[in-house]
Every structure is written in C-alpha cells, then in structure tokens.
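Here are my notes on the model you sent over.

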Amino acid sequence: AVERLANCRLVAAAPELLEALRVTTDALAAYCATHTRRARAACCGIVLDSRAAIAKASGAQSKASEQA
C-alpha cells in the first residue's frame with residue numbers, strides 16, 4: 001500500500017519533474033558551453049543522460065525507433 005501511494009505521487013508529479021529536468025538540462029548545457037574544456041567534459045555526460053531521459057519520458061525515443 002505504501003509503495004502504491006508512492007507510485008501514485010510520482011505519477012502525479014511527473015509533468016512538473018519532466019519540465020524541471022528540461023529547464024535544468026538547458027541551463028547546464030548553456031553553462032557548460034561558456035566554460036573550460038574540463039567543465040564541458042564533466043557536463044557533457046550529464047546533459048546527454050538528461051536529454052535521453054527526457055526523450056524517453058516524452059516518447060521521442062519510441063517515435064524514432066518506430067520510424068527506423
């Protein structure tokens with residue numbers, strides 16, 4: 001029952017969480033673009049992972065695989 005309630009809360013918060021991830025990812029990408037190579041390298045993996053999660057959550061990954 002506790003896990004079910006937690007899952008319901010997560011589903012309810014999903015749209016806000018996705019938007020927050022989009023905004024944060026864009027801000028991090030902009031920050032990294034203006035800093036040293038070392039900072040860009042550190043950020044690159046995080047930005048790529050975040051964008052992959054966004055694509056998965058928004059269905060973009062599914063659409064791409066359906067077209068292939």
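1. Searching the whole structure turns up one disulfide, the term being used for a pair of cysteine sulfur atoms within 2.5 Å. The bond runs between cysteine 32 and cysteine 43, with an S to S distance of 2.0 Å. Keep in mind that this is a predicted model, where local features need pLDDT of at least 70 and side-chain atom pairs count only at pLDDT 80 or more, while totals for chains, interfaces and linings use all residues. Residues are numbered from 1 along each chain as its sequence is written, and side-chain values use heavy atoms, with hydrogens and water left out.

2. Which hand does the disulfide have? The torsion about the S-S bond of cysteine 32 and cysteine 43 is about -90 degrees, so the disulfide is left-handed. The pair links distant parts of the chain, eleven residues apart: cysteine 32 sits in helix α1 (residues 2-33) and cysteine 43 in helix α2 (residues 37-58). Helices here are DSSP runs (H or I, at least four residues), numbered from the N terminus.

3. Both cysteine 32 and cysteine 43 are buried, that is, under 20% relative accessible area, against over 50% for exposed and in between for partly exposed (1.4 Å probe, protein chains only).

4. Now the other cysteines. Cysteine 44 is partly exposed, at 40% relative accessibility. Cysteine 8 is partly exposed too, with a relative accessible area of 47%.

5. On to the packing: the axes of α1 and α2 are 9 Å apart, and the angle is about 155 degrees. Axes are lines fitted to C-alpha atoms over the stretch in contact, with angles from 0 to 180 degrees between N-to-C directions. That angle makes α1 roughly antiparallel to α2, a label for angles over 145 degrees.

6. The α1 side of the contact (heavy atoms within 4.5 Å) includes Leu18, Leu21, Thr25 and Cys32, and the α2 side includes Cys43, Val47, Ile54 and Ala57. By type, the contact residues of α1 with α2 divide into 14 nonpolar, three polar and four charged.

7. At 3% relative accessibility, threonine 25 counts as buried. Leaving out residues up to four places away in sequence, threonine 25 touches Val47, Ser50, Arg51 and Ile54.

Notes: Helix = DSSP H or I, 4+ residues; strand = E, 2+ residues; numbered from the N terminus. Parallel < 35°, antiparallel > 145°, perpendicular 65-115°, else oblique. Nonpolar A, V, L, I, M, F, W, Y, C, P; charged D, E, K, R; others polar.
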